[in-house]
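Colleague: I'd like to go through this model with you. Can we start with the helices and then move on to the rings?

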Amino acid sequence: MTRNSDSVLSRRKFLIASGATGLAGLAGCTENNTGDSGGDSGGDSGGDSGGDSEGTDSSGDGSNELSGTIDIAGSSTVFPLATAMGERFQSEHSEVNINLQSTGSGGGFANYFCTGQTDFNNASRPIQPDEEEQCASNDVTPVELKVATDALTVVVNNDNDFIGEGLTTEQLQTIFSAESAPTTWADVNSEWPDEEIEIYGPTDASGTYDYFIEAIIGEDGPGHRQDYSATEQDRTIIQGVQGSEYAIGYLGFAYYSESTDSVQAVPIENDAGEFVEPSLDTALSGEYNPLSRPLFTYPARESLAEDHIAEFARYWMENSTSREIVADEVGYVPLGEDEQQEMLDTLNAAIEEAN
């Protein structure tokens, strides 16, 4: 196995190491670590920003200034991207206050967004029918906007030298399935060490957990094993795997990309029978399957009636093709121009309906 070398900005390397917990340097933009947060937050508010949005002053001279509060909860995987967009938007609109929480996709929908307490919910998988029903019962209309593509990453300890070229999806299913639940690596492959498997992963409130079940275990399968170290902190997964020679875990690519010296990514066999390592390029090309996945944010249509919320949503979509922000800084695959236009059309239609 070889380690991926996709670059990200040094400020995110510092933040992941230090475990910073606020959107530092941007007044009013805060994080509550009430869910499965990876700890990636604030810092430099410069960089690539989008074009002027209708009704928005992007010149920074204070004319037509927006003001108000934007409440966002949801996916820890989308959290660093929301952070980057929020920082830049606030640098142009200092009277806008962004409250950003990392709660897990499902936790955000159930406890915040569908109850009408937040304006956006970030998600690393599509909204589920029961969540749509909960939203509808509270007069909340979610608007689905794709914001990037992720490569869900399986990681093992740097001293693991027995997996070889990678893992098949069948081996992943064996390791994480509630039905098989092997105790040792030898239970998965008789040629591997007769040593206990130490497993780390997200909680069941996480969209990453849901997507892993969908892609690997199967939605109609036996379910995800529960005798593992479940955590709401993505960097705890990294630390756990780093600390045990026989550990394995999975998480979003952005967090792995900050820890390539600490753990190693496992190549996964794709539908063509090739073992492929996660990277921005292999996720974009479709080679890294079945673990490439879309990432979303869901604004509430009702909230889009407020100018500052509508303009932030537009700003995010206008910057969704930015390699500097989405790929180089955060570690995901940006949208293509056709996808971006589709999302802008969806958003603008929702804003018109809201008004």
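Colleague: How many residues does helix α10 have, and how far does it reach from its first C-alpha to its last?

Modeller: Bear in mind that this is a predicted model. Helix α10, residues 307-318, has twelve residues and reaches 16 Å, close to the 16 Å expected at 1.5 Å a residue.

Colleague: And how many of the residues of α10 are buried?

Modeller: Ten of the twelve are buried, so α10 is largely enclosed by the rest of the structure.

Colleague: Which ones in α10 are buried?

Modeller: H308, I309, A310, E311, F312, A313, R314, Y315, W316 and M317.

Colleague: Which residues do ring pairs link into a cluster?

Modeller: The cluster consists of F89, F120, F312, Y315 and W316. F312, Y315 and W316 are among the buried residues of α10.

Colleague: How many aromatic pairs does the count come to?

Modeller: The count comes to 15 aromatic pairs. One of them is F109 with Y298, an edge-to-face pair at 5.4 Å centre to centre and 70° between the planes.

Colleague: Where do F109 and Y298 lie?

Modeller: F109 is in helix α3 (residues 105-113) and Y298 is in strand β13 (residues 292-299), so the pair ties together parts that are 189 residues apart in sequence. F109 and Y298 are both buried.

Colleague: What about W185 and W192?

Modeller: W185 and W192 also form an edge-to-face pair, with 5.9 Å centre to centre and 70° between the planes. Both tryptophans, W185 and W192, are buried.

Colleague: Back to helices. At roughly what angle do the axes of α5 and α6 cross?

Modeller: The axes of α5 (residues 169-176) and α6 (residues 207-217) cross at roughly 125° and come within 9 Å. The two helices, α5 and α6, are therefore oblique to each other.

Colleague: Which residues meet there, between α5 and α6?

Modeller: From α5, T169, L172, Q173 and F176; from α6, F212, I216 and I217. The residues of this contact are five nonpolar, two polar and no charged.

Colleague: Changing topic: where is E269 placed?

Modeller: E269 is in strand β11, residues 268-269. With a relative accessible area of 21%, E269 is partly exposed, the cut-off for buried being under 20%.

Colleague: What does E269 touch, leaving out residues up to four places away in sequence?

Modeller: E269 touches L167, T168, T169, E170, E274, F275, N289 and P290. T169 is also one of the α5 residues that meet α6.

Colleague: And what separates the C-alpha atoms of E269 and E287?

Modeller: They are separated by 9.6 Å, with E269 and E287 18 residues apart along the chain.

Key: Residues numbered from 1 in each chain as written. Predicted model: local features only at pLDDT ≥ 70, side-chain atom pairs only at ≥ 80, totals over all residues. Heavy atoms only, no water. Helix = DSSP H or I, 4+ residues; strand = E, 2+ residues; numbered from the N terminus. Expected span 1.5 Å × (residues − 1). Buried < 20%, exposed > 50% of the residue type's maximum accessible area, 1.4 Å probe, protein only. Contact = heavy atoms within 4.5 Å. Axes fitted to C-alpha atoms, helices over the stretch in contact; angles between N-to-C directions. Parallel < 35°, antiparallel > 145°, perpendicular 65-115°, else oblique. Nonpolar A, V, L, I, M, F, W, Y, C, P; charged D, E, K, R; others polar. Phe/Tyr/Trp six-rings, centres within 6.5 Å; stacked < 30°, edge-to-face > 60°.
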